[in-house]
Amino acid sequence: MRRALALARKGLGTASPNPVVGAVLVREGKVLGEGFHRRAGLPHAEVEAIEDAHRKGNLPKGATLYVTLEPCCTTGRTPPCVDRILREGIARVIVGMVDPNPLHQGRGLALLAGEGVEVAQDLLEEEARDLNRPFVRWISSGRPWVVQKSASSLDGRIGTRTGDDRWLSGPASRRMAHRLRWESDAILIGAETARRDDPALTVRLPGRKGKPQPWRVVVSRSGRLPEELRLFTDSVRARTLVFQNFPLPMLLKELGRRGVLRVLVEGGGKLAGSLLAEGLIDEVALFLCPMILGEGPLSVDSPHRLLGAHFRLKERKRLGDDLFFRGIRIDYEGNEAG
């Protein structure tokens, strides 16, 4: 299952609006075939693993299939995976988590069990769920998973008062930031950030292809933005959306209707503070840089009373001289978002 999870991660950034899924076909300790879901409309992970086995001259009949998410049992852009599993004579199916999609949600496992296939679930369920939190949030509520990304000094500043520090973080952190963009369907900023920084908000990673640039979303009270901004003049200007005087919950619902599963927030402290105050931040991605600025805008500057938001640390790593932290929001009972 750990190999299936690693394969599933390869679909981050391209599988949306579908979940990321990995699958491994095994018999007597030997891997017969493996695969992952690459893109909506292409074969699902289970089919990729079966086809890989056939290419290698291995017959799936009687084998065990490890898959990170319950196999689908309905026809969408591709046929049901359950039908292919039964046709191939696979004897056992072990899943990481049950599909939260109401159309499936245990039906696939029940159909397999009803045909004599041995089934088991919830193997490494926490890891499987962590991979697909955006899909779980979107399919259950219609709104995307929201990640607040910021690079700050040790005293919580994201720039100097005069704005003359464009980047606080080092090259390794900036590469990681572009990976976060790659995994996202939309990037959200405020009008002040758009005017001040004139950002491109594009993914610039060597060799990363196979998906359009993320939606570049600007929230503005007035809707007045300079026409010469790169967001309106570059080659991907069609991927820019401006929401004027939109309540943030409504904005997120609208993005969800467009098939956006994951939103990366790259705006300033005021936007971060507003989202936090309304309970709309699900995850934080913080780059902590080894400097003290002493002045300048804060990473969180809430216009409302903010009683605090709690996060459970999921990842931490050193990136050059910087430290990277990823945390999932938890409620007062310790339950994680998504």
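Guide: Gladly. This is a predicted model. We begin with Ala-272, which touches Gln-148 and Ser-299, leaving aside residues up to four places away in sequence.

Visitor: Is Ala-272 buried or exposed?

Guide: Buried means under 20% relative accessible area. Ala-272 has 0% relative accessibility, so Ala-272 counts as buried.

Visitor: Is Ser-274 buried or exposed?

Guide: The cut-off for buried is under 20%. Ser-274 is at 15% relative accessibility, so Ser-274 counts as buried.

Visitor: Which UniProt annotation covers Ala-272 and Ser-274?

Guide: The UniProt entry is unreviewed.

Guide: Eight strands form an open sheet with mixed pairing, in the order S9-S8-S7-S10-S6-S11-S13-S12. Helix H11 (residues 269–277) packs on this sheet, and its direction makes about 110° with that of S7. The strands touched are S6, S7, S8, S10 and S12.

Visitor: Which strands stand at the edges, and why is one side of each left without a neighbour?

Guide: Each edge strand has a single partner strand, so one side of each has no neighbour in the sheet. These strands are S9 (240–244) and S12 (310–319).

Visitor: What is the bridge partner of Gly-190 in S8?

Guide: Strand S7 spans residues 186–190, and strand S8 spans residues 215–220. The two pair in the parallel sense over five bridges. In S8, the partner of Gly-190 is Val-219.

Key:
Residues are numbered from 1 along each chain as its sequence is written. This is a predicted model: local features need pLDDT of at least 70, side-chain atom pairs count only at pLDDT 80 or more; totals for chains, interfaces and linings use all residues. Side-chain values use heavy atoms; hydrogens and water are left out. Two strands pair if DSSP finds at least two bridges between them. Helices (H or I, at least four residues) and strands (E, at least two) are DSSP runs, numbered from the N terminus. Contact means heavy atoms within 4.5 Å. Axes are lines fitted to C-alpha atoms, for helices over the stretch in contact, and angles run from 0 to 180 degrees between N-to-C directions. UniProt positions are given in the numbering used here, feature names are shortened, and annotations may be inferred rather than shown by experiment. Buried means under 20% relative accessible area, exposed over 50%, partly exposed in between (1.4 Å probe, protein chains only).
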